[in-house]
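Have the structure open as you read.

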Amino acid sequence: MSTLELGVIGNCAIASLIDRRGRHVWHGMGRLDGDPVFNALLGGTDPQSGFMEAIVAGGGEGRQRYLPNTAILETTIEGSNGTARIVDFAPRFRRFGRMFRPPMLVRRIEPVAGRPRITIRLRPTFNYGSLKPAITSGSNHARFVGDAAVLRLTTDGSITHILHESEFGLDRPLTLIVGADESITENPDSLGRTFLAETEAYWWSWVRDLNIPFDWQAAVIRAAITLKMCSFEDTGAVLAALTTSVPEAAGTPRTWDYRFSWLRDSFYTVTALNRLSATRTMEGFVRFIVNIVEAGSSRGEPEEIAPLFPIAPGTETEERLIDSLPGYRGYGPVRTGNAAVIQRQNDTYGSMVMTAAQMFWDERLPRHGDVELYRQLCVVGNEAHKVALTPDAGLWEYREREEVHTFSAAMCWAAQHRLGMIARRVGVDSESREWLARAGVLRQEILKRSTMPDGWLSGVLDREMADASSLVLPEIGLLPSDDPRFHATLDAIEKRLMRNGFLMRYIEADDFGKPSNAFLLCTFWYIDALASVGRRSEALELFNNVLGRRNHVGLLSEDIDPRTGELWGNFPQTYSQVGLILSAMRLSRSWEEGLWHAS
């Protein structure tokens with residue numbers, strides 16, 4: 001039975017998910033959102049295709065770990081005749097003065113004890129599992145041919161053994177290079193070793209420049225590397241997750257395609273990486289935002305901006321059901337595209353402005369925010385002013401209802417408030433005063449209409465509704481954390497939404513009934529809220545509890561069953577890695593305290 005005990009490799013162009021047996025179970029060909037030629041993750045309980053694996057005779061699940069401070073995954077499997085070590089990575093390093101990130105998976109299989117007998121099985125499919133490829137081969141390669149694409153394997157191993165899936169004794173290292181249909185003239189072994197060394201050195205260098213907290217360093221580094229792998233460097237887009245259709249809970253139809261760039265999710269990802277001093281993702285994502293604004297203006301379209309975008313132009317966003325894959329553990333439906341693209345989610349405008357705001361203050365950046373960028377953001381701010389108190393689907397993307405959501409309105413306030421600060425920064429003082437005045441009026445209206453008779457802040461205006469997003473209001477500056485209304489909100493949310501140490505988003509029935517699993521980001525929000533009001537010991541206890549629920553290599557999905565601790569939802573979820581990073585940075589001791597004042 002498949003679970004989310006998966007490792008992830010990637011290079012900001014492609015990624016692949018690998019289980020503890022060393023099986024690649026999810027890989028989009030050519031791009032992070034590409035046709036999943038490895039799709040066994042959604043292939044039901046016993047998929048017969050859609051994977052690449054090396055079966056070690058007499059072996060089972062292996063010991064799996066990342067090489068320290070890298071995105072290189074090692075799986076060690078003990079068999080009846082010996083032990084094999086499998087190293088998987090996607091090359092990423094600087095070459096010829098630019099970043100080299102080919103759409104290529106590299107797998108090295110080495111004997112480490114005895115003479116293990118292995119069977120290599122490479123069974124890609126195309127068009128979401130509906131098309132089996134034709135196969136052609138040469139002396140050192142095999143081609144898996146689909147209607148519109150070709151996957152190529154280059155290896156120094158036996159093509160005959162691989163294509164016939166016959167068992168053989170592993171008496172030397174083997175290298176498998178899987179990717180685009182391009183000839184590789186170098187020796188696979190020397191190329192694999194060179195790419196491995198260069199990729200390892202790249203990740204070491206990237207991690208070395210991070211500003212990490214003293215406590216929980218390994219957990220934060222792993223979350224940061226994972227966030228980096230969820231960015232598509234070519235366009236600057238940041239994916240919500242690398243998968244589609246892993247359900248939020250067993251047996252639920254809540255199966256969504258998360259291989260898109262939600263402006264909200266991306267804001268949180270950029271925020272976490274910025275706190276770690278990894279600013280390049282922010283710079284790329286700001287370019288992505290500006291392109292969105294400019295594209296709409298050039299077409300003369302209304303200023304309303306969709307909540308999510310494909311990671312590259314021309315990609316289909318319409319939601320469709322796929323019947324060629326049975327789904328994760330047989331739980332369907334499998335979907336491509338996401339209907340949220342046509343929703344109104346008014347918090348989007350705040351996410352865009354707040355993402356770009358650091359560009360105007362961060363002296364490390366080679367290109368600072370200027371009047372031109374401010375003018376482009378004004379388009380976003382004006383729309384935020386117009387829609388702030390209008391109904392929307394909210395950040396939880398309700399499909400059949402709209403209300404005026406407190407979080408959405410607050411993010412519209414944040415868009416205007418930050419633009420007031422930015423206008424002052426770039427020397428447009430009269431506009432600064434106008435933005436801040438607008439924001440002040442809106443803030444009073446939000447607080448007036450969201451405050452319930454017993455003093456806590458509802459998730460919607462004008463009626464009572466407990467919503468975990470209310471915990472974020474001090475973080476964006478709508479009110480301070482020592483405000484009595486926030487203390488009352490914290491107590492109300494704990495009483496209504498806490499389940500066995502994990503926080504629900506909400507408990508009202510939605511389009512699919514009442515949710516049963518907790519949303520991991522909300523638990524991190526609650527941890528941060530506890531810390532902000534001085535309840536640090538409670539926050540630490542909950543934080544360590546969540547850390548204990550990460551999978552075997554330190555990764556988190558979107559949701560968790562609060563009764564069993566099992567992970568559910570798309571994987572790896574950027575929201576969850578963000579929450580871990582931000583909570584760790586808030587709760588950690590300073591380096592001075594940790595090094596010099598520890599008892």
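Does Asp-171 count as buried or exposed? At 52% relative accessibility, Asp-171 counts as exposed, because the cut-off for that label is over 50%. Keep in mind that this is a predicted model.

**Two aspartates**

Asp-171 sits in the loop between strand E17 (168-169) and strand E18 (174-179). Setting aside neighbours within four places in sequence, Asp-171 is in contact with Pro-111 and Arg-115. Pro-111 is 60 residues from Asp-171 along the chain, yet their C-alpha atoms are separated by 6.4 Å.

Now take Asp-189, which belongs to helix H2 (residues 188-208). With a relative accessible area of 18%, Asp-189 is buried, since that label applies under 20%. Not counting residues up to four places away in sequence, Asp-189 touches Arg-108, Asp-156 and Thr-175.

In soluble globular proteins, nonpolar side chains tend to be buried together.

Trp-525 deserves a click of its own. Leaving out neighbours within four places in sequence, Trp-525 is in contact with Tyr-268, Leu-395, Trp-396, Ala-468, Ser-469, Leu-471 and Val-472.

Ala-306 is in the loop between helix H5 (280-298) and strand E22 (308-309).

**A helix pair**

How do H12 and H14 pack? Helix H12 (residues 520-532) and helix H14 (residues 574-587) meet at an angle of about 15°, with their axes 8 Å apart. That angle makes H12 roughly parallel to H14, and their crossing is left-handed. On the H12 side, the residues in contact are Leu-520, Leu-521, Phe-524, Ile-527, Asp-528, Ala-531 and Ser-532. On the H14 side, they are Tyr-575, Ser-576, Gly-579, Leu-580, Leu-582, Ser-583, Arg-586 and Leu-587. By class, this contact has nine nonpolar, four polar and two charged residues.

Finally, some backbone angles worth a look.

| Site | Feature | Angle |
|---|---|---|
| Gly-332 and Pro-333 | cis peptide bond | omega about 0° |
| Phe-571 and Pro-572 | cis peptide bond | omega about -20° |
| Cys-12 | positive phi, not glycine | phi near 70° |
| Asp-462 | positive phi, not glycine | phi near 75° |

Where do these sites lie? Pro-333 is in the loop between strand E24 (327-328) and strand E25 (334-336), and Pro-572 is in the loop between strand E30 (567-568) and H14. Cys-12 lies in the loop between strand E1 (6-10) and strand E2 (15-19), while Asp-462 is in the loop between helix H9 (429-450) and helix H10 (473-476). Cys-12 counts as buried at 1% relative accessibility, whereas Asp-462 counts as exposed at 51%.

Technical notes
Residues are numbered from 1 along each chain as its sequence is written. This is a predicted model: local features need pLDDT of at least 70, side-chain atom pairs count only at pLDDT 80 or more; totals for chains, interfaces and linings use all residues. Side-chain values use heavy atoms; hydrogens and water are left out. Axes are lines fitted to C-alpha atoms, for helices over the stretch in contact, and angles run from 0 to 180 degrees between N-to-C directions. Helices (H or I, at least four residues) and strands (E, at least two) are DSSP runs, numbered from the N terminus. Angles under 35 degrees count as roughly parallel, over 145 as roughly antiparallel, 65 to 115 as roughly perpendicular and the rest as oblique. A crossing is left-handed if the near helix is turned anticlockwise from the far one by less than a right angle, and right-handed if clockwise. Contact means heavy atoms within 4.5 Å. Ala, Val, Leu, Ile, Met, Phe, Trp, Tyr, Cys and Pro count as nonpolar, Asp, Glu, Lys and Arg as charged, and the others, Gly among them, as polar. Buried means under 20% relative accessible area, exposed over 50%, partly exposed in between (1.4 Å probe, protein chains only).
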